[in-house]
Amino acid sequence: SLADKLRVARMLDEYGMPYIEGGWPGSNPKDIEFFAAAKGMRWERAKLAAFGSTRHRANRPEADPNLRELVAAETPVVTIFGKSWLLHVIEVLGDTPAENLDMIAESIGFLVERGREAVYDAEHYFDGYKTDGPYALATLRAARQAGARSLVLCDTNGGTLTDELLRIVDETRRALEGDPDAPAVTWGIHTHNDAEMAVANALAAVQAGCRHVQATINGYGERCGNANMVSVLANL
């Protein structure tokens, strides 16, 4: 319920979580109500984040209902996910690789121009990188160029084993940090638990330099769940 969400968010803030992702205001009325109620609450430690996707390929950012709802939520942080995997760009979105890069850049830019801290979630990043590494890197560069200062590598299918995950994190960081005049970014990790590797992979990514860990209390999440924030915190 709405009351439950507000109570849990308050507890997370009191605990000291730096970010609380409150939901997707463009997807359902409850999340819109959550952010409306949250505006009147005082948050001691946490910055609230609204979550959503890049613009629809047929829309300009200023006319995109999803982006408009994200701005209307009036959170200091907005997390945007975009496509890293050409399979999804072509087969799911029915888009071109170039247009997908524009969607990422324009969506991030729209939020940054309105004063939001933009966190970019590179959805299915590890599958995308294994299929076409240069293109996956190009999606990160598009987000960074547009103003995202947190780049989160997502193992959305939850099937990447730790050695491969570490190799890809290292190669990705080296590639982007080697760009001339590249702005500094915070690297993030977002792991799912389909192979029972989510906590191990999140911890390994922290050892590899990631400092923004996305996870959920007790690992609740779609399919087999997300990384368990409780275990991640305790082990760190």
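The model is predicted: local features need pLDDT of at least 70, side-chain atom pairs count only at pLDDT 80 or more, and totals for chains, interfaces and linings use all residues. Residues are numbered from 1 along each chain as its sequence is written, and side-chain values use heavy atoms, with hydrogens and water left out.

Start with helix H7, residues 133–146. Helices (H or I, at least four residues) and strands (E, at least two) are DSSP runs, numbered from the N terminus. The expected span of a helix is 1.5 Å times one less than its number of residues. For the 14 residues of H7 that gives 20 Å, and the end C-alpha atoms are 20 Å apart, which agrees.

Now look at its two ends. At the start, a side-chain oxygen of Asp 132 comes within 3.1 Å of the backbone nitrogen of Tyr 135. Just after H7, Gly 147 has a positive phi of about 125 degrees.

How much of H7 is covered? Of its 14 residues, 10 are buried (under 20% relative accessible area; exposed is over 50%, partly exposed in between; 1.4 Å probe, protein chains only). Among them are Tyr 135, Leu 137 and Arg 144.

Ala 136 lies in H7. Its relative accessibility is 0%, so Ala 136 counts as buried. Ala 136 touches Ser 84, Tyr 125, Gly 128 and Tyr 129, not counting residues up to four places away in sequence. Contact means heavy atoms within 4.5 Å.

Finally, find Thr 54 in the loop between strand E2 (47–53) and helix H3 (65–72). Thr 54 is buried too, at 10% relative accessible area.

Notes: A polar contact is a pair of N or O atoms within 3.5 Å; within protein, one must be able to donate a hydrogen and the other to accept it, and residues adjacent in sequence count only if both atoms are side-chain atoms.
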